[in-house]
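Subject: Structure for your review

Dear colleague,

Please find below the structure that I am handing over to you.

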Amino acid sequence: MAARKAKSADSGAPDTSALPFEEAIEQLEHVVDQLEDGALDLEASLVAFERGVALSRRCSEQLDAAERRIEVLVEAGGETLVRPLQGEGDPD
Amino acid sequence: MTPPEQPVEAGSRERRVYSVGDLLRGLRALVEDSVGRVWVAGETSNLYAAQAGHHYFTLKDGDGQIRCALFRNDARRLPFELENGLELLLLAEPSIYEVRGELQLIVREVEPRGEGALQLAFEQLRRRLEAEGLFDESLKRPLPTHPRRIGLVTSPGAAALRDVIQVSGRRWPSTPLLLSPTRVQGDGAELEIAAALRRVVEQPEVDVVLVVRGGGSLEDLWCFNTEPVVRAIAGSPVPIVSGVGHETDFSLADLAADHRAPTPSAAAMLALPDREALRDGLSAAQQRLLSAARGTLAGRAERLERGLAALRVLAPSARLHAQQGRLRAARRALWRAVETDRGTRRLRVQRAVERLSARRPSTDAFRAREAAARRALSSAIARNLEGRGARLATLAARLDSLSPLAVLGRGYAVARRSDTGRIIEGPEDIEAGESLVVRVARAHVEAKAISVDPVDDSTT
C-alpha cells in the first residue's frame with residue numbers, strides 16, 4: 001500500500017486512485033468549498049481545481065464499476081472456504 | 001382383582017373385604033376403561049415442574065379442580081412453556097393415582113385456549129428475552145453507508161437470495177456479497193442459522209449481514225423465533241439487517257436485529273447506497289467545481305485586464321509615438337541651437353575682421369594679430385563645437401535610452417499594417433492573409449498574417 005501513496009508533484013496531496021467513494025466525494029466537496037470561498041491564490045486555485053478533477057474522476061469510476069463478486073462459504077474438511085457462487089442466484 | 005359380584009347382604013355373616021390398594025386398583029381400572037381420553041378445558045395453577053421433566057399442576061374452573069400430570073416425553077413436544085394461569089385445552093386420560101387415592105388426569109396433548117401454541121410460545125420467549133435486554137434500542141447500530149462486503153444468511157436456492165442479488169446489482173454492483181448458506185425452515189434449522197451467522201461475521205471485511213427468507217406460515221418461519229437465532233443475532237459483532245417473511249410478519253429475529261426490513265429486497269436496499277442518486281449528486285458537485293474555477297479565474301482575469309489596460313498607456317506603442325515626437329523635436333531644437341550659435345560666431349568673426357580692417361594699423365603687426373586672433377577663434381569655435389558635439393552626443397545617448405529604438409533593442413517589436421501603416425494592437429486591426437510590416441530592433445520585416453488569435457487573459 002505504501003507504494004500507491006505517491007504524492008502528486010504540485011500539491012503534495014495523496015494519490016486519489018485508491019480512494020473509496022465516500023472519501024473521494026467528501027474531499028471533492030471540500031475542494032469546491034475552497035474554490036467557492038475564493039480565498040486561495042491563483043496558483044493554489046489551479047492546483048485545487050486539478051485535484052477536484054482527479055477526485056471527480058475517481059467518484060465516477062466507483063459509480064460506474066459494475067463488476068460483481070458473489071461468493072459462498074463452503075465447509076470442507078473442517079475448514080471454512082470461500083468459493084465463487086455458481087449458477088443459482090445470479091440473474092441480470 | 002375381580003370386583004365384588006354381589007353387594008354384601010345386610011346381616012349376612014359373609015363379607016368381601018378389600019384392601020385399600022385393591023380398591024384403588026379396581027377403581028382405577030374402572031375409570032380408565034370406561035372413560036378413555038377426553039378433552040378438558042380449564043385454567044392451570046399450582047404448577048410444579050420436577051427435575052426429571054415431568055410437570056404436575058391443577059386444572060380448574062369455577063366448579064371444581066383436578067390434578068394433572070404431564071410426563072416428560074409429552075412435555076417435550078410442547079412449543080411453549082407451562083405456566084400458571086394459562087387457559088388450556090388438554091387431551092387427557094382420567095385415572096387414579098393410587099398412592100394418594102387421588103383422581104388425576106394423565107395429560108397427553110396440550111393446546112392453549114384462545115391463541116395458537118406457537119403464538120403463546122412466541123409471547124413467552126419474547127417476554128423472557130426482552131427482560132434480558134436483548135431487544136433494547138440502545139444496542140441497535142447504524143449501518144455503514146458504503147459497506148465493504150455484505151454477508152448473507154439464507155438458503156442458497158431461495159428467491160430471497162435472488163432478490164438480494166438483483167437489488168444489489170442495481171444499487172451498487174461492485175460491493176462483494178458473501179453467502180453463508182443454511183436451511184431456513186424445519187427441525188433444527190435454528191441451529192444451522194445461528195452457526196451460519198457466526199461463520200459469516202468472522203470473514204474479513206464483512207461489515208453488515210443480511211438475514212433473509214421469503215414469506216411463509218408461522219410454522220415455516222418458526223426457526224427465526226427461537227432462542228439460538230436471537231442470541232446469535234444479538235451477539236453479532238457487525239450490524240444485522242433482518243428481512244424475514246412478508247411485510248406484516250414480525251419475528252424475534254427482527255426484534256434482535258439492528259434493522260428490520262419488510263422483505264429481502266428491502267433489506268438489500270437498506271444496506272446499499274443508490275448509485276443513481278449519488279450520480280446526480282456527483283454531477284452537481286462537478287458543475288460547482290467548474291463554476292468555482294471559472295469564477296476564480298474570471299475575477300483574476302478582470303484584475304489583470306485592468307492592469308494591462310493601465311500598462312498599455314505606458315506601453316511601447318504609445319511610448320514610441322510620444323518618444324519619436326519628442327526625439328524629433330529635441331533634435332530639431334538642438335541643431336537649431338548649434339546652427340544659431342555658429343551663425344552668431346561667424347557674424348562676430350566677420351564684424352571683428354571688419355573692425356580690424358577699418359582701423360588700418362601696421363599691417364604686419366595687424367596681420368600677425370589677425371592671424372593670432374583667427375587661430376584663437378578657430379580653436380575657440382572648435383572647442384565650442386567639440387563641447388556642443390559632446391553635449392549633443394550625451395543628449396543623443398540620453399534620448400536613445402528613452403527612445404523607442406532602445407525599447408526595440410529589449411526585444412519588443414512594432415507591427416503595422418502594410419497598407420495604412422496603422423499600428424496593430426488587436427484582432428480588430430488585422431486579419432489572416434493580410435500583409436504587415438514588423439519593425440524589430442535592427443530590421444523591418446515584411447510579413448503576412450497566418451492566423452490571428454485574440455490573447456485571452458483568463459486562461460493561463
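Confidence

Please bear in mind throughout that this is a predicted model. It scores ipTM 0.77 and pTM 0.59. For chain B the mean pLDDT is 83, and 76% of the residues in that chain reach 70 or more. Within chain B, confidence is highest in strand S6 (residues 149–154), at 97, and lowest in helix H11 (residues 363–402), at a mean of 60. Where pLDDT is low, the predicted coordinates should not be read in detail.

Chain A

Chain A contains two helices and two strands, and from the N terminus on these elements run α-α-β-β. Of the 92 residues in chain A, 28% are buried. Among the contacts in this chain with a separation of 6 or more, 41% are between residues 24 or more positions apart.

Helix H2 of chain A covers residues 42–64.

A:Val82 belongs to strand S2 (residues 79–84) of chain A. This residue counts as partly exposed because 14 other C-beta atoms lie within 10 Å, whereas 20 or more would be needed for it to be buried. Leaving out residues up to four places away in sequence, A:Val82 touches A:Glu71, A:Leu73 and, in the other chain, B:Leu178. A:Val82 and A:Glu71 are eleven residues apart in sequence, and their C-alpha atoms are 6.4 Å apart.

Where the chains meet

The contact between the chains involves 32 residues of chain B and 37 residues of chain A. On the chain B side, the elements giving two or more residues are helix H4 (159–171), strand S7 (177–181), helix H5 (189–201) and helix H9 (275–314). H9(B) gives the most, with twelve residues. By class, this side of chain B has 16 nonpolar, ten polar and six charged residues.

The two chains are also joined by strand pairing: strand S1 (residues 70–76) of chain A and S7(B) pair in the parallel sense over three bridges. In this pairing, A:Ile70 has B:Leu177 as its bridge partner.

The nonpolar cores

The largest nonpolar core has 51 residues, and B:Leu197, B:Val209, B:Leu210, B:Val211, B:Ile233 and B:Ala253 are those with the most contacts inside it. H5(B) gives the most to this core, with seven residues. A second, separate core has 17 residues and draws on both chains, including A:Leu55 and A:Cys59 along with B:Leu289 and B:Ala292.

Two helices of chain B are described next. H5(B) has 13 residues and reaches 19 Å from its first C-alpha to its last, close to the 18 Å expected at 1.5 Å a residue. Its buried residues include B:Glu190 and B:Glu192 as well as B:Ile193, B:Leu197, B:Val200 and B:Val201. What covers the buried residues of H5(B) comes from both chains: it includes S1 of chain A, together with S6, S7, strand S8 (206–213) and helix H6 (227–234) of chain B.

In H6(B), the residues B:Val229, B:Val230, B:Ala232, B:Ile233 and B:Ala234 are buried. They pack against helix H3 (117–131), H5, S8, strand S9 (240–244) and helix H7 (252–256) of chain B.

Strands S1, S2 and S4 of chain B

Strand S1 (residues 38–49) of chain B runs antiparallel to strand S4 (residues 87–97) of chain B, and six bridges join them. Here B:Trp39 stands opposite B:Leu91. S1(B) is also antiparallel to strand S2 (residues 55–61) of chain B, through five bridges, with B:Glu43 opposite B:Lys60. S1(B) and S2(B) form a hairpin with five residues between them, and B:Gly53 in the turn has a positive phi of about 105 degrees.

With kind regards

Conventions
Residues are numbered from 1 along each chain as its sequence is written. Chains are lettered from A and ligands numbered from 1 in the order in which they are written. This is a predicted model: local features need pLDDT of at least 70, side-chain atom pairs count only at pLDDT 80 or more; totals for chains, interfaces and linings use all residues. Two strands pair if DSSP finds at least two bridges between them. Helices (H or I, at least four residues) and strands (E, at least two) are DSSP runs, numbered from the N terminus. The expected span of a helix is 1.5 Å times one less than its number of residues. A residue is buried if 20 or more other C-beta atoms lie within 10 Å of its own, exposed if 12 or fewer, and partly exposed in between; C-beta atoms are placed from the backbone. Two residues are in contact if their C-beta atoms, placed from the backbone, lie within 7 Å. Ala, Val, Leu, Ile, Met, Phe, Trp, Tyr, Cys and Pro count as nonpolar, Asp, Glu, Lys and Arg as charged, and the others, Gly among them, as polar. pLDDT is the predictor's confidence in each residue, from 0 to 100. A nonpolar core is a set of buried Ala, Val, Leu, Ile, Met, Phe, Trp, Tyr and Cys residues joined through C-beta atoms within 7 Å.
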